[in-house]
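Good morning, and thank you for coming. Please look at the sequence and the structure on the screen while I speak.

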Amino acid sequence: SELRDFKAKHQALYPLYQKGKEAYQNQGFDNKAGDTIVRGIDRAPGELLHKVSSELNARALTHTRVLDESSRRLTNWVYVVLVLMSIVACFALAFIMKILLVNPIKLLRARVEEMASGDFSREVPIGGRDEIGTLSFSLNKMRLELCEMLGSMASASQRLTDSSGTL
């Protein structure tokens with residue numbers, strides 16, 4: 001609104017500026033002649049321009065404050081989302097660790113308990129080349145060696161029984 005007023009008043013001054021230019025040229029390009037005609041005519045537009053400038057600064061400051069508050073709120077939401085994503089990532093990591101570590105260890109423990117009770121029939125599945133896989137391989141090797149040893153002992157016991165029956 002004030003910008004429109006400024007523009008309208010400035011356009012209304014154009015004929016006066018033209019008269020000043022003509023006087024300047026007619027007087028042999030004498031500055032005093034042109035200045036006398038246009039003296040003071042730009043005061044009102046200058047005041048309006050200052051007023052418009054102040055209003056624009058106030059609006060810019062208001063918008064800056066609004067944007068500043070909005071960016072603060074957005075930053076807070078980003079932090080909340082990042083914390084929630086971190087929590088979800090921790091739970092996902094815990095679940096993966098359970099699948100990759102805890103479950104294989106539970107299976108190994110169950111097979112060891114079976115062997116401790118004398119059941120060597122089930123093989124321990126080897127899950128990979130990591131420490132658990134190496135442990136599974138070693139446990140299977142031990143199971144086979146114990147089976148051979150028990151078989152040898154049973155065979156020797158049978159021969160001893162047969163020999164003592166013969167005597």
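Is Glu 69 buried, partly exposed or exposed? Glu 69 is partly exposed, because its relative accessible area is 34%, where buried means under 20%, exposed over 50%, and partly exposed in between, with a 1.4 Å probe and protein chains only.

A word on the source: this is a predicted model, in which local features need pLDDT of at least 70 and side-chain atom pairs count only at pLDDT 80 or more, whereas totals for chains, interfaces and linings use all residues. Residues are numbered from 1 along each chain as its sequence is written, and side-chain values use heavy atoms, with hydrogens and water left out.

Let us turn to salt bridges. A salt bridge is a side-chain nitrogen of Lys or Arg within 4 Å of a carboxyl oxygen of Asp or Glu. The whole structure contains 8 of them.

Glu 69 takes part in one with Arg 72, at 2.9 Å from N to O. Both residues belong to helix 4 and are 3 residues apart, about one turn of the helix. Helices here are DSSP runs of H or I with at least four residues, and strands are runs of E with at least two, numbered from the N terminus. Arg 72 is partly exposed as well, at 44% relative accessibility.

Glu 113 is partly exposed at 47%, while Arg 109 is exposed at 52%.

What of Arg 111 and Glu 114, buried or exposed? Both are buried. Their closest N and O atoms are 3.7 Å apart in a salt bridge, and they lie 3 residues apart in helix 4. Elsewhere, shared partners join the salt bridges of Asp 68, Glu 69, Arg 72 and Arg 73 into one network.

Next, the surface. A nonpolar patch of about 810 Å² includes Leu 93, Phe 95, Ile 96 and Met 97 among its residues. Leu 93 sits in helix 4, which covers residues 43-116. Patch residues have over 30% relative accessible area and no salt bridge; like charges are joined within 9 Å, and nonpolar side chains (Val, Leu, Ile, Met, Phe, Trp, Tyr) within 5 Å. Accessible areas come from the Shrake-Rupley method with a 1.4 Å probe, and for residues only the protein chains shown count as cover.

Finally, Gly 28 follows helix 2 and has a positive phi, near 75 degrees. Thank you for your attention.
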